[in-house]
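Please walk me through this structure.

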Amino acid sequence: MHTQKDHAVQITKGLYLTGIATLIILAVVMYQWVYGMQLDTGEILSVPIALGAFLKLVSERRRLSLT
């Protein structure tokens, strides 16, 4: 039985993890772009996927904090 507090803790953990993953992915893409390396399709697609997951959790956390 998940309580609202347990759900909020899970959202917070997911928020931190997706935030860190997004920063790492963006750092890798920017490094490769600055040094003229070729970006693969997977690297290009991972940016919007990571950003989308992060923003979804941000909106979920905001929704929980408003209730």
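A residue counts as exposed when its relative accessible area is over 50%, as buried when that area is under 20%, and as partly exposed in between. The model discussed here is predicted.

Apply that scale to Tyr 35. Its relative accessible area is 58%, so Tyr 35 is exposed. Tyr 31 has a relative accessible area of 47%, so Tyr 31 is partly exposed.

These tyrosines also form a pair. A search of the whole structure finds one aromatic pair. The ring centres of Tyr 31 and Tyr 35 are 4.8 Å apart, and their planes stand at 50°. Why is the pair called tilted? Planes under 30 degrees apart count as stacked and those over 60 as edge-to-face, so the rest are tilted. The angle of 50° therefore makes this pair tilted.

Now turn to the buried residues. Thr 22 sits in helix α1, which covers residues 4–34. Its relative accessibility is 6%, so Thr 22 is buried. What does Thr 22 touch, leaving aside residues up to four places away in sequence? Its contacts are Ala 50, Leu 51 and Phe 54.

Leu 57 belongs to helix α2, residues 41–66. At 18% relative accessibility, Leu 57 is buried too, because the cut-off is under 20%. Residues up to four places away in sequence aside, Leu 57 touches Ile 11, Gly 14, Leu 15 and Thr 18. How far is Leu 57 from Gly 19 in space, C-alpha to C-alpha? The distance is 9.7 Å, although 38 residues separate Leu 57 and Gly 19 in sequence.

Methods
Residues are numbered from 1 along each chain as its sequence is written. This is a predicted model: local features need pLDDT of at least 70, side-chain atom pairs count only at pLDDT 80 or more; totals for chains, interfaces and linings use all residues. Side-chain values use heavy atoms; hydrogens and water are left out. Rings of Phe, Tyr and Trp (its six-membered ring) pair if their centres lie within 6.5 Å; planes under 30 degrees apart count as stacked, over 60 as edge-to-face and the rest as tilted. Buried means under 20% relative accessible area, exposed over 50%, partly exposed in between (1.4 Å probe, protein chains only). Helices (H or I, at least four residues) and strands (E, at least two) are DSSP runs, numbered from the N terminus. Contact means heavy atoms within 4.5 Å.
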